[in-house]
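Biologist: Please take me through this model, and say each time which rule stands behind a label.

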Amino acid sequence: APKTMKSVMQSAWLLTVAIGNLIDAVIAALKLFDSQWKEFFLFAGLMIADLVIFAYMAYKYVPAELQTDEDDTLNVTTGKNNTGNENDGYESDKDR
C-alpha cells in the first residue's frame with residue numbers, strides 16, 4: 001500500500017485483531033466446554049478453517065496484468081503533480 005494509506009492499513013489490522021479478541025471473549029464467556037483443552041481445540045479448529053479459506057483464495061487468485069506500450073514500458077498513471085496520488089483533495093507538504 002502507498003504511504004498515504006498507512007493509517008488505513010493500520011486501522012484495518014487493528015479492526016481484525018479486535019474482532020478476533022471479541023470472538024475469543026464471547027466463546028470463553030459462554031463456557032461451552034467443561035474443560036479448557038476442549039476450548040483450545042475449538043480455537044485450533046477455527047484456525048484450520050481460516051487456513052483452508054485462505055488456501056482456497058490463494059489458489060483462485062489471478063494476478064492483474066500490467067499493460068505495456070509498444071516499447072515495453074509500463075503504463076503507470078501518475079497524479080497531476082507526479083506524486084502518484086489521484087486524489088484531487090491531496091496536498092503535499094510542498095504545496096502548502
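**Labels and their rules**

Modeller: Leu32 sits in the loop that joins helix H1 (6–30) to helix H2 (36–60). This is a predicted model, in which local features need pLDDT of at least 70, side-chain atom pairs count only at pLDDT 80 or more, and totals for chains, interfaces and linings use all residues. Residues are numbered from 1 along each chain as its sequence is written, and side-chain values use heavy atoms, with hydrogens and water left out.

Biologist: What makes a stretch a helix, and how many helices does the protein have?

Modeller: Helices (H or I, at least four residues) and strands (E, at least two) are DSSP runs, numbered from the N terminus. The protein has 2 helices and 0 strands.

Biologist: Why is Leu32 called exposed?

Modeller: Exposed means over 50% relative accessible area, buried under 20%, and partly exposed in between (1.4 Å probe, protein chains only). Leu32 has 53% relative accessibility, so it counts as exposed. Lys31 lies in the loop between H1 and H2 too, and its 65% makes Lys31 exposed. The phi of Lys31 is near 50 degrees, a positive value in a residue other than glycine.

Biologist: Why is Ile27 called buried?

Modeller: Ile27 belongs to helix H1, and its relative accessibility is 12%, so Ile27 counts as buried. Of the 96 residues of the protein, 6% carry that label.

Biologist: What makes Leu22, Val26, Leu30, Leu32 and Phe33 a patch?

Modeller: A patch takes residues with over 30% relative accessible area and no salt bridge; like charges are joined within 9 Å, nonpolar side chains (Val, Leu, Ile, Met, Phe, Trp, Tyr) within 5 Å. Those five form a nonpolar patch on the surface, with about 480 Å² of accessible area together. Such areas come from the Shrake-Rupley method with a 1.4 Å probe; for residues, only the protein chains shown count as cover.

Biologist: How do you know that Asp34 and Lys38 meet in a salt bridge?

Modeller: The rule asks for a side-chain nitrogen of Lys or Arg within 4 Å of a carboxyl oxygen of Asp or Glu. Asp34 and Lys38 are 3.1 Å apart, N to O, so the pair meets the rule. The count comes to 1 salt bridge. Asp34 is exposed because its relative accessibility is 67%, whereas Lys38 is at 30% and therefore partly exposed.
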